[in-house]
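Let's take a friendly walk through a protein fold, one piece at a time. Keep the picture at hand as you read.

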Amino acid sequence: MGSEIRLALGNLEVDWGKNQVFHDHLPLFQEHDLRESPGPKPPTSDPASIHKKYKVLCKPFKDVLPRLQLLGYTLATAADEYETLRDQFAAGGSISFEKLLKAVKRVDVSTVRRGYYDDYSFGRFFDEEITPRLKLKKYLPSVADQRNFSEMMENFHPWSALCVLAERPENLEQQLVWDFSETVESGWETEENFVPGLLPPSRFLVVTEGSSDAKILRKALDLLRPSICDFFYFVDMQEGYPFSGTGSLANFCKGLISIGILNKTLIVFDNDAEGVFKATEISQLSRPANLSVMVLPELPELRSVATIGPSGTSHEDINGRAASIEAYLDWNWESKYDPVVRWSNYVEKGSRYQGALVSKDHYARRFLDLRQREPEYDFSKLNIVLDRMVDVCAKMACGASAPVR
């Protein structure tokens with residue numbers, strides 16, 4: 001029979017393998033997801049396991065979903081893969097992707113029958129075990145339809161299947177569990193081989209205009225997006241930051257394009273006059289799919305900010321004119337200053353004035369001094385920045401380019 005290794009969402013088995021033949025699901029998890037789980041094991045296992053603890057990788061499915069997106073798996077890619085498989089396995093007359101989606105949305109994975117039987121031949125496991133649980137038989141009138149569909153679904157990537165399962169909101173509250181204990185206990189693998197970690201091709205290099213931007217974004221990811229923070233890494237700043245200033249960053253970006261960089265790279269410009277101009281300039285170049293450029297997002301909160309310049313004081317929209325990363329911090333947190341932007345030079349190519357937040361280092365230090373996610377700190381603007389970063393990187397992972405904005 002061999003040693004089973006199973007990936008399950010609630011009681012629904014999404015993927016399984018035997019001995020040393022299985023999909024690698026380590027990228028879905030992080031080191032802290034490795035834990036001891038008490039028995040009982042599923043009914044097909046040794047009854048003695050009810051008194052035994054065993055190692056599994058376990059993560060809330062709602063925290064797995066953004067990892068899937070950054071790995072290039074979304075509902076759209078799942079639909080594309082499904083239609084490709086329908087053509088390959090002559091299953092075109094069986095179940096459309098829309099019908100599959102509707103069927104899955106009706107299934108409560110926490111209450112489906114749990115026991116599975118072993119040693120199915122290829123194409124039989126899905127037909128015998130999963131099709132009944134998803135109540136799909138009514139869409140498969142003939143034996144040939146059932147066989148073709150089952151074989152097709154056993155080639156459907158389990159991460160694509162997870163994207164489909166994520167369409168039922170209740171599923172996001174379930175735990176995704178990868179139980180590899182049998183294959184370790186039987187000696188096919190060692191426990192050290194199941195320590196999560198992302199390979200370099202799955203990660204994103206983030207390059208910003210200055211070291212302060214990089215430090216703030218790194219801190220924000222660690223505090224606000226702990227479930228995906230390991231996907232992002234920044235230029236080593238210990239020996240001095242090499243890209244200070246908008247011009248240096250733009251030139252660096254042009255250099256990356258010319259050499260055909262292999263790393264997935266995200267270039268982040270400030271939402272100010274120089275940043276918008278340089279990002280627009282870069283967007284007009286022919287860029288590889290693994291290099292994306294974004295500008296810090298425009299926000300309603302930045303449309304009326306106190307400013308000072310040659311003509312005196314007023315309240316003005318600083319979007320596209322003076323919004324560096326410090327503009328996305330909480331200006332009221334333990335601050336002794338009233339936020340104000342000072343206008344400096346006129347950027348002729350962008351036809352607008354460039355400005356900067358006065359005492360911006362003060363706001364940066366207040367944020368970088370945080371040791372935890374303080375409930376009274378306003379992270380709302382930073383959350384929008386991170387959402388934009390994740391959206392751009394997810395598109396990059398899928399091989400699509402996001403518009404610069």
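This is a predicted model: local features need pLDDT of at least 70, side-chain atom pairs count only at pLDDT 80 or more; totals for chains, interfaces and linings use all residues.

You can find Val 340 in the loop between strand S13 (322–323) and S14.

Which residues does Val 340 touch, leaving out those up to four places away in sequence? They are Ala 306, Thr 307 and Ile 308, together with Ala 356, Leu 357 and Val 358. Take Leu 357: it is 17 residues from Val 340 along the chain, yet the two C-alpha atoms are separated by 5.9 Å.

## A mixed sheet of four strands

Now look at the open sheet whose 4 strands come in the order S12-S11-S14-S15, with mixed pairing. Strand S12 (312–316) and strand S15 (352–357) each have a single partner strand, so they stand at the edges and one side of each is left without a neighbour in the sheet. From one strand to the next, the twist averages 40°.

Inside this sheet, strand S11 (residues 305–309) and strand S14 (residues 341–347) are paired in the parallel sense, with 2 bridges. Here Thr 307 is opposite Val 341 in S14. Helix H10 packs on this sheet as well, touching S14 and S15, and its direction makes about 120° with that of S15.

Strand S6 (residues 204–207) and strand S8 (residues 264–269) run parallel and are joined by 4 bridges. In this pair, Val 206 is opposite Leu 266 in S8.

Let's move to strand S1 (residues 4–9), where 6 of the 6 residues are buried. In a regular strand, side chains alternate between the two faces of the sheet. Are the faces of S1 covered or uncovered? Both are covered: Glu 4, Arg 6 and Ala 8 are buried on one side, and Ile 5, Leu 7 and Leu 9 are buried on the other.

S1 runs antiparallel to strand S2 (residues 12–18), and 6 bridges join the two. They form a hairpin with 2 residues between the strands, and Gly 10 in the turn has a positive phi of about 60°. S1 also runs antiparallel to S5, joined to that strand by 4 bridges.

## Helix H12

Helix H12 (residues 380–397) has 18 residues and spans 26 Å from its first C-alpha to its last, close to the 26 Å expected at 1.5 Å a residue. Its buried residues include Leu 382, Val 385, Leu 386 and Met 389. An α-helix has 3.6 residues a turn, so residues three or four places apart point the same way. Just after H12 comes Gly 399, with a positive phi of about 85°.

Most residues other than glycine have a negative phi. Glu 334 is not a glycine, yet its phi is positive, at about 45°. Glu 334 lies in the loop between S13 and S14, and with 57% relative accessibility it counts as exposed.

Ser 359 is another residue other than glycine with a positive phi, near 60°. Its place is in the loop between S15 and helix H11 (360–368). At 29% relative accessibility, Ser 359 counts as partly exposed.

Conventions
Residues are numbered from 1 along each chain as its sequence is written. Side-chain values use heavy atoms; hydrogens and water are left out. Buried means under 20% relative accessible area, exposed over 50%, partly exposed in between (1.4 Å probe, protein chains only). Two strands pair if DSSP finds at least two bridges between them. Axes are lines fitted to C-alpha atoms, for helices over the stretch in contact, and angles run from 0 to 180 degrees between N-to-C directions. Contact means heavy atoms within 4.5 Å. The expected span of a helix is 1.5 Å times one less than its number of residues.
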